[in-house]
Amino acid sequence: METNPAQEHKTLLAISVILFLAVLGVSWLFHGTGVVHNDLKRNIYIPSELTMPLQVKAAYNGEKIFFRYRWPAQQPSIYHDMMKFEGGQWKRYGDSVPGPQPDGIYEDRLTMLVDDGSVPEFEHYGGYITIGDRMRFFTNEAKPDEVKAHPYLGKKKGQTEVGKHLPGTRSDINNWASVLPEEELAAQRKAGYFLDLWHWRAHRSNPIDMSDDQVVAEGRFGDKGKGVFFTNWDGKKKQPVLMFEPEKTGGRAALKWDDLMQRKLGFEDLYYMREDQAKPFDPNHPWKEGDVLPRRVLRSGDGSHADISVVGKARWNDGYWEVTLARAMDTGSPEDDKIFRDHGVYTVAFAVHRDSMGSRWHYVSLPASLGLTHRGDFTAVRFQGAEPKWDQPWFDVKLFYPGQVSWPLLNSTKHAGAERIKQGVPVKFRHSEIQLAHYGVEMEFNGQIRVQWLYTLAAGILLIIGLGIALNLLLPRKEG
Amino acid sequence: MAPYHVMLVHFPIALWTVAALVIVLRTFSDGKLARAADAVLTPLLFVGMVTGAAAFAVGLLVWPTEAATSSPLARNHILLAGWSLAYWTVLWVTRWRGGERVWQGLWRWVMLGLAALGVGLQTITGTLGGYLAGNPSIVSEIVRRLGWEVFTTFYLPNWVLAAVVISAVALAALGMVGARARN
């Protein structure tokens with residue numbers, strides 16, 4: 001059968017155009033897939049939601065300052081770090097792991113960093129400045145033996161991981177181990193070069209209506225004094241130090257694993273261990289398979305470490321946590337706490353852990369200014385009396401998953417904005433929270449994405465060239 | 001280099017936009033004005049290509065290579081700019097070689113479609129450039145709603161890359177089949 005060449009050209013042209021458009025469509029539908037995935041061995045877990053809201057109010061009466069926080073959570077995570085009696089031994093459940101703790105045993109947390117202007121970069125870059133070289137749970141985290149061997153952080157301070165620290169506490173921000181001499185660190189602290197860290201924990205402080213009070217300087221430490229919890233484990237005997245005293249806990253010597261797994265234990269139940277309801281551990285007690293003892297024991301704490309308390313009851317209701325914390329405006333510990341003064345302006349940054357996730361799997365905020373009566377991003381309202389009325393509107397904060405973005409990285413040639421940081425341009429001038437969240441995720445796969453992007457650029461140009469060849473060869477014959 | 005890049009990109013954007021308008025006019029009209037406008041289409045596309053290449057080259061010098069290729073937004077800008085340049089170059093070659101033939105029958109609609117796609121590419125490229133310069137626009141929101149979050153790098157999985165390469169070869173083959181049939 002004879003074919004009409006003009007008709008055949010039309011058909012080939014139509015096929016070419018359809019093929020080109022089809023490939024574009026497929027590319028559009030499947031772009032961005034095939035690289036980003038959870039890889040727990042590399043400490044990579046990407047949360048399903050990259051941002052979340054937080055609402056904050058603040059008030060003060062001249063003596064005390066109050067913060068009220070509200071944030072959504074699918075369910076409250078109030079269990080934390082437990083020991084289960086299993087095959088005659090006490091086995092730990094609820095340690096920090098990449099991503100969500102598989103048994104749901106990891107507490108919700110809320111943290112707030114506070115500065116009074118003594119840490120200059122904090123005002124512009126918030127918590128990013130505390131993320132240094134080879135941080136814990138980064139893919140390239142420093143090994144525990146390296147940290148333990150460090151003469152100051154390991155041997156003197158007993159640290160086993162590289163935690164939050166301020167850049168000025170290192171002679172080289174690209175080297176976590178380059179800690180300044182102790183006398184310089186002491187001088188920095190005296191000058192106020194530290195961040196106050198309010199640290200509310202749903203298990204390790206909330207049941208006794210307290211919050212942990214910490215500080216970020218050359219590391220993250222508790223303030224002076226006794227903390228509000230301690231560890232219930234005797235490493236030598238490989239057994240708990242304390243057990244419940246049945247006379248004080250309704251006849252129970254331990255919790256039940258099944259109750260935890262079915263989340264049967266609520267706010268009004270016994271799901272934590274207080275020092276005053278415990279007694280020395282008795283290995284001869286008839287322990288049963290599935291008995292559980294909390295690995296952390298709560299106590300009232302003292303000194304600067306126990307300055308922050310919960311006002312009323314911090315509870316989860318109808319999908320939201322609502323937590324109110326209070327502290328003396330002047331705690332008398334200016335080297336542990338930022339002292340709040342009437343009409344002062346401070347910088348704060350918030351973070352929330354939820355969904356049974358710990359360590360770096362949290363949602364953080366950009367820095368915000370807080371004015372005490374003075375205007376700021378939000379204002380602490382002055383009131384008369386013992387407790388605020390809370391009739392002012394909420395300050396809405398968008399929190400985001402920060403990924404593996406460190407201060408050394410942000411100041412390196414890998415970051416196009418490194419020069420802007422040197423000029424002091426604030427992060428929020430260039431970046432939104434959702435943008436930072438996506439950047440954080442992509443940075444965890446930067447090498448792979450860069451290669452795939454280069455291939456995509458080349459493949460796209462090849463496709464355009466292919467289209468060009470088709471079009472030019474299928475052009476109608478010149479008349480005449 | 002940033003100010004020079006910003007200055008230079010005005011030329012290809014303006015030239016390609018005018019070229020697209022000429023293509024629209026010529027698609028729907030065989031009148032005198034449309035033909036007169038079409039007479040400058042090839043030079044418009046050529047100068048657009050040359051200034052586009054210059055803007056692209058200068059753009060690559062704005063940031064250190066490591067920084068530019070580590071930023072999702074910058075990667076996207078480079079990707080779209082590269083594709084825009086290649087795409088409009090193909091349009092120039094086609095119009096230059098095809099002459100009046102590109103306005104015959106089905107061809108004029110193909111030209112219209114190509115111009116629309118070219119404008120789309122350069123619009124997104126310009127939007128991403130605006131973002132990088134600190135001037136975000138609503139266009140990125142439109143792109144987001146269409147399925148691409150511009151804060152994430154546009155890259156393809158391996159199987160789609162393979163499909164793209166195979167399609168590129170198939171397109172060239174289709175052209176050759178057509179050319180052989182004509183000869």
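Me: How is chain B divided into domains?
Reply: Chain B has domain 1 (2–152) and domain 2 (156–183); such bounds come from an automatic or database domain assignment. Their centres, taken over C-alpha atoms, are separated by 23 Å. This is a predicted model: local features need pLDDT of at least 70, side-chain atom pairs count only at pLDDT 80 or more, and totals for chains, interfaces and linings use all residues. Residues are numbered from 1 along each chain as its sequence is written, chains are lettered from A and ligands numbered from 1 in the order in which they are written, and side-chain values use heavy atoms, with hydrogens and water left out.

Me: Switching to chain A. Where is A:Leu166?
Reply: In the loop between helix 3 (144–148) and helix 4 (182–190) of chain A. Helices (H or I, at least four residues) and strands (E, at least two) are DSSP runs, numbered from the N terminus.

Me: Is A:Leu166 buried or exposed?
Reply: A:Leu166 counts as buried because its relative accessibility is 0%. Buried means under 20% relative accessible area, exposed over 50%, partly exposed in between (1.4 Å probe, protein chains only).

Me: What is A:Leu166 in contact with, leaving aside neighbours within four places in sequence?
Reply: Its contacts (heavy atoms within 4.5 Å) include A:Val119, A:Ile129, A:Tyr193 and A:Phe194.

Me: And B:Met7, where is that?
Reply: In helix 1 (residues 2–28) of chain B. B:Met7 counts as partly exposed, because its relative accessibility is 48%.

Me: Back to chain A. Which residue stands opposite A:Met273?
Reply: A:Val297, in strand 15 of chain A. Strand 15 (residues 296–298) pairs with strand 12 of chain A in the parallel sense, over two bridges. Pairing needs at least two DSSP bridges between two strands.
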